[in-house]
Structure formats: C-alpha cells, structure tokens
Amino acid sequence: MAEKPADDHVDRILAQWAKERPDLDVEPMGIMGRLHRLATHLGREVEAVLLQHGLSSSAFDVMATLRRAGAPYRLSPGELLDMTMVSSGTMTNRIDQLEKAGLVERINNPEDRRSVLIALTDKGFATVDAAVTAHVENQHRLLAAISEKDKTEFNRLLKTFLAGLE
C-alpha cells in the first residue's frame, strides 16, 4: 500500500473550513486547490525555461502551434485563433510582437490574395525548436517523482475531468 503523503497547505485550509463550516463537504475544494497550486508551480517552472530562449509562454504557444503544423510552418490568423483559444485582439498583439522580434512574418496567402498567413522565420524555427526541446526535458524533470503507472492514471483522470468540462 502506498504511503500517505504528509499534510500539505491545502489540508490545513480544509481543516479550517471543517472547523468553521462542518456542514459543507469541502472535498472538491481540496482537488481544485491542489490543481490551482500545481498550475502555479508548473507555470513558473515552464516560464523560467522558456525565458532562457527569449520567449514568454504566450509567444511560445503561437510559435509551437506554427511548428507542430508542419512544413511550411504557416497558418492563417484564424487557424492560430482556433488552436490557441485566445481572442482576436490578443492574437494580433502576439503576432505583432513576434514579428518585431523577427520570429514570424506575415506573408500573402497564395490561395487568397485578400488574406495573410503567419509563418515562422528561420530565426523563429531555430528558436522554437530549441525551446521545445528544453520544454519537453523540463516536463520530464517536473514529472520525474511520479511513477509511470501513476502518470498514466493521473493523465486518465485529468482527461476524464477535462472532457466533462469541455
């Protein structure tokens, strides 16, 4: 049988609520609190690695979307919107910043002269390739304390939870 982990910050909050509001079932608060704390910790760790490559997580999101789209590494702004779940204004701002940095460029769409495509530049391709390699290595490091069996189960549970919300 697996050893029970020591009480954590969330356990202390739950104990306080149990004392103050014993009428409430705060079990969901424990799950949500831990997910939030994990997201905060993981976000910091991910951001630190991406910053080593001169990228924010939002810039990486756009560039990684272009990179994983495959050659010729270009998408319409609408396709980028669909794949990144941000607003049109936010996407325009991200593209503008990446273009200023020389990481992406706007090119005329050969299939529709009225529209443009967003493409990785050579510099952008090299930057995102190095960043994604470091990002995946960092993800392995962050999950190293979890067994393969537990990772599989955790992933299954998260997928089920997410499917219920989406």
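## Strand β3

Strand β3 is largely enclosed by the rest of the structure, because four of its five residues are buried. Buried stands for a relative accessible area under 20%, exposed for over 50%, and partly exposed for values in between (1.4 Å probe, protein chains only). Helices (H or I, at least four residues) and strands (E, at least two) are DSSP runs, numbered from the N terminus.

The structure is a predicted model, in which local features need pLDDT of at least 70 and side-chain atom pairs count only at pLDDT 80 or more, while totals for chains, interfaces and linings use all residues. Residues are numbered from 1 along each chain as its sequence is written, and side-chain values use heavy atoms, with hydrogens and water left out.

## The sheet

β3 belongs to an open sheet of three strands, in the order β1-β3-β2 and with antiparallel pairing. β1 and β2 are the edge strands, each of them pairing on one side only. Two strands count as paired if DSSP finds at least two bridges between them.

β1 covers residues 74-75 and is joined to β3 by two bridges in the antiparallel sense. On this side, Arg74 stands opposite Ala119 of β3. β2 covers residues 104-108, and five bridges, again antiparallel, link it to β3. Glu105 has Ala119 in β3 as its bridge partner, and Ile107 has Leu117 in β3.

Thr121 sits in the loop between β3 (116-120) and α6 (122-142). With a relative accessible area of 14%, Thr121 is buried. A polar atom of the Thr121 side chain is 2.9 Å from the backbone nitrogen of Gly124. This is a polar contact (a pair of N or O atoms within 3.5 Å; within protein, one must be able to donate a hydrogen and the other to accept it, and residues adjacent in sequence count only if both atoms are side-chain atoms).

Beyond its neighbours within four places in sequence, Thr121 is in contact with Gly102, Leu103, Val104 and Glu105; contact means heavy atoms within 4.5 Å.

Phe125 is placed in helix α6. Its relative accessibility is 26%, so Phe125 counts as partly exposed. Not counting residues up to four places away in sequence, Phe125 touches Arg67, Tyr73 and Leu120. Phe125 and Arg156 are 31 residues apart in sequence, and their C-alpha atoms are 32 Å apart in space.

His135 is also in helix α6. At 12% relative accessibility, His135 counts as buried. Its contacts, leaving aside neighbours within four places in sequence, are Val46, Val49, Leu50 and Phe60.

Pro72 lies in the loop between α3 (57-68) and β1, and the peptide bond from Ala71 to Pro72 is cis, with omega near 10 degrees. Tyr73, which touches Phe125, is in the loop between α3 and β1 as well. Phi of Tyr73 is positive, near 60 degrees, in a residue other than glycine. Most residues other than glycine have a negative phi, and most peptide bonds are trans.

## The whole chain

The protein chain has seven helices and three strands. From the N terminus on, these elements run α-α-α-β-α-α-β-β-α-α. UniProt, in an unreviewed entry, lists residues 28-163 as "domain: HTH marR-type". UniProt positions are given in the numbering used here, feature names are shortened, and annotations may be inferred rather than shown by experiment. Over residues 28-163, the chain is 69% helix and 9% strand, with 17 Å between the end C-alpha atoms.

Along the principal axes, the C-alpha atoms of the protein chain fill a box of roughly 65 × 30 × 25 Å. The radius of gyration of the protein chain is 21 Å, whereas a compact globule of 166 residues would have one near 15 Å. This radius is taken over C-alpha atoms, and the globule rule is 2.2 Å times the number of residues to the power 0.38.

Of the 166 residues in the protein chain, 23% are buried. Among contacts between residues at least 6 apart in sequence, 47% join residues at least 24 apart.
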